[in-house]
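Colleague: Could you take me through this model and set each label against the rule behind it?

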Amino acid sequence: MKLPKELREKRELSTTVGKEKMCSIKGCGEIAIRSLSENKWKDYVEKANLKYIENKQHKIYLCKKHYKDANKFRKSQEKRYQKKGFLEDTEKLSPGKRFD
C-alpha cells in the first residue's frame, strides 16, 4: 500500500534510529558524527572551502575531519569579532566621580 505524499514526507523528516548518515561534503564517503543547522553553519562551511550537498531537512552532516575544518574557521571568526570587556573601557570613558 502506497502512503499519501504528506505522510511520506513526514516519515523522511522523522528521526532515523539505527541509520547512519553520510557526510554532506561532495566526494566524502565517511560517516557523519555531527548534524548541524544549515542556517547557522552554512557560511562557516563554505568559507572553509567545503562544498556541501543540500537536503530537505536543512541540515549539514559532517564527518570528523570536515567538522574540525569548519569549526576551526568558526572559532577564528568568533575570536576576531569578540567583544571587549566592559571593565577595560570604563577607565577611559566613565564620566563622573573618579576614585583615586
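**Helix 2 and the cysteines**

Modeller: Just after helix 2, Asn49 takes a positive phi of about 60°; helices (H or I, at least four residues) and strands (E, at least two) are DSSP runs, numbered from the N terminus. This is a predicted model, in which local features need pLDDT of at least 70 and side-chain atom pairs count only at pLDDT 80 or more, while totals for chains, interfaces and linings use all residues. Residues are numbered from 1 along each chain as its sequence is written, and side-chain values use heavy atoms, with hydrogens and water left out.

Colleague: Why is Cys23 called buried?

Modeller: Buried means under 20% relative accessible area, exposed over 50% and partly exposed in between (1.4 Å probe, protein chains only); Cys23 has 7% relative accessibility, so it counts as buried. Cys28, with a relative accessible area of 18%, is buried by that rule.

Colleague: What makes the buried residues of helix 2 line one face?

Modeller: The buried residues of helix 2 (residues 38-47) are Glu38, Trp41 and Val45. Seen down the helix axis, they fall within an arc of 85°, taken from the directions from the axis to the C-beta atoms, so they line one face. The face turned away from the buried side carries the exposed residues Asn39, Lys40 and Lys47.
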